[in-house]
Amino acid sequence: MGVYFNELKRAMTWLGEQQETIFVGQAVKFPGTFMHGTLNGVPVEKRLEMPVAESFQLQFCIGLALMGFVPISIYPRQNFLLLSASDLVNLLDKLPVMSSDQVKPKVIIRTASGPTKPLFPGHQHVGNYADAFRQMLTWVKIVELNSAKEILSTYQQAYERDGATLVIEHGDLL
C-alpha cells in the first residue's frame, strides 16, 4: 500500500490513543475491507465489530457520544452509509437545534468510495455522495480526503471539533 494508506493508519493509530475513542463498524476486528488494515495500530479492545445494521450502528454511536465517548463509526463504502442516511440527516445533524442544551454529539463517521482498480467491484461499492450529503447536512462537517497530506490533520480536527464530522476517503488513492 502507498502513502495514502499509511497516513490513514497513522491517523487511526492517533485516534486509538485518545482515551474516549471507540471504533464501531464492520471489519473493525476482522478483515474484509481495506479499512481493516488501517486499524492495525488501534488496540483491539477499542474495536467493536457490528453486524450489517447500518442504521442501528449510527444510532448506537449517537448514544455513545451522548455518554461521553468519541465513536469512530466506520462504513466501508458510502453506498452502505446511505442505509443510515435518515439517522444522519434527521437525528445526528439536527440534535444541535432540537436540544435546549445545544447538544453537539461528537461522532466521527469514516466512509469511502471504493477502489475501482485493479478490478471494478460494482456500482454498489464506488459511489461518491459527498455533494448529496452537503445538500442535506447543516451541522455535520463534511471533509473529503483528496490527498495523503490532509489525512492526519483532518482526523485530529474531527476529534477536537465540537460536533460530528463525516470524513470521506477515496479507495482509488490507496
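Predicted model: local features only at pLDDT ≥ 70, side-chain atom pairs only at ≥ 80, totals over all residues.
Is Phe60 buried, partly exposed or exposed, at 30% relative accessibility? At that value Phe60 counts as partly exposed.

Six strands form an open sheet with parallel pairing, in the order β2-β1-β3-β4-β6-β5. Its edge strands are β2 (47-49) and β5 (141-144), each of which pairs on one side only. On average, neighbouring strands of the sheet are turned by 20° against each other, direction ignored. In general, the strands of a sheet pair through backbone hydrogen bonds, either parallel or antiparallel.

| Strand pair | Sense | Bridges |
|---|---|---|
| β3 and β4 | parallel | four |
| β4 and β6 | parallel | six |
| β5 and β6 | parallel | four |

Ser73 is partnered with Ile109 in β4. Thr111 stands opposite Ile168 in β6, and Ile168 is also the bridge partner of Glu144.

Helix α1 lies across β1 (21-25), β3, β4 and β6, and runs at about 125° to β1.

## Strand β6

Strand β6 is largely enclosed by the rest of the structure, because six of its six residues are buried. In a regular strand the side chains alternate between the two faces of the sheet. Here Thr165, Val167 and Glu169 point one way from β6, while Leu166, Ile168 and His170 point the other way. Both sets are buried.

His170 belongs to this strand, which covers residues 165-170. The relative accessible area of His170 is 10%, and the limit for a buried residue is under 20%, so His170 is buried. Apart from neighbours within four places in sequence, His170 is in contact with Tyr4, Ser113, Asn128, Glu144, Leu145 and Asn146.

In soluble globular proteins, nonpolar side chains tend to be buried together. The largest nonpolar core of this model has 25 residues. Those that touch the most other members are Met12, Leu15, Phe23, Ile108, Leu145, Ile151 and Tyr155. At least two residues of this core come from each of α1 (3-17), α2 (34-37), β3 (70-75), β4 (108-113) and α8 (151-160). Another core, of 24 residues, lies apart from it, and includes Cys61, Val107, Leu137 and Ile168.

What does Leu15 touch, not counting residues up to four places away in sequence? The contacts of Leu15 are Thr21, Phe23, Lys46, Ile72, Ile108, Tyr155 and Tyr159.

## Aromatic rings

A pair of aromatic rings is described by the distance of the centres and the angle of the planes. The model has two aromatic pairs.

One of them is formed by Trp14 and Tyr159, whose ring centres are 5.5 Å apart. Their planes are at 85°, so the pair is edge-to-face. This pair links distant parts of the chain, with Trp14 in helix α1 and Tyr159 in helix α8, 145 residues apart. Tyr159 has 11% relative accessibility and therefore counts as buried. The charged end of Lys106 also sits over the ring of Tyr159, 5.3 Å from its centre.

Phe56 and Phe60 form a pair as well, with ring centres 5.7 Å apart. Their planes are at 35°, so this pair is tilted. Phe56 and Phe60 are separated by about one helical turn because they are four residues apart in helix α3 (residues 54-66). Phe56 counts as partly exposed at 42% relative accessibility, and Phe60 counts as partly exposed at 30%.

## Backbone details

Most residues other than glycine have a negative phi, and most peptide bonds are trans.

Ala27 has a positive phi of about 65° although it is not a glycine. Ala27 is found in the loop between β1 and α2, and with 10% relative accessibility Ala27 counts as buried.

Lys117 and Pro118 are joined by a cis peptide bond, with omega at about 10°. Pro118 lies in the loop between β4 and α7 (130-136).

Conventions. Residues numbered from 1 in each chain as written. Heavy atoms only, no water. Core = buried A, V, L, I, M, F, W, Y, C linked by side-chain atoms within 4.5 Å. Buried < 20%, exposed > 50% of the residue type's maximum accessible area, 1.4 Å probe, protein only. Contact = heavy atoms within 4.5 Å. Phe/Tyr/Trp six-rings, centres within 6.5 Å; stacked < 30°, edge-to-face > 60°. Lys NZ or Arg CZ within 6 Å of the ring centre and 35° of its normal. Pairing = 2+ DSSP bridges. Axes fitted to C-alpha atoms, helices over the stretch in contact; angles between N-to-C directions.
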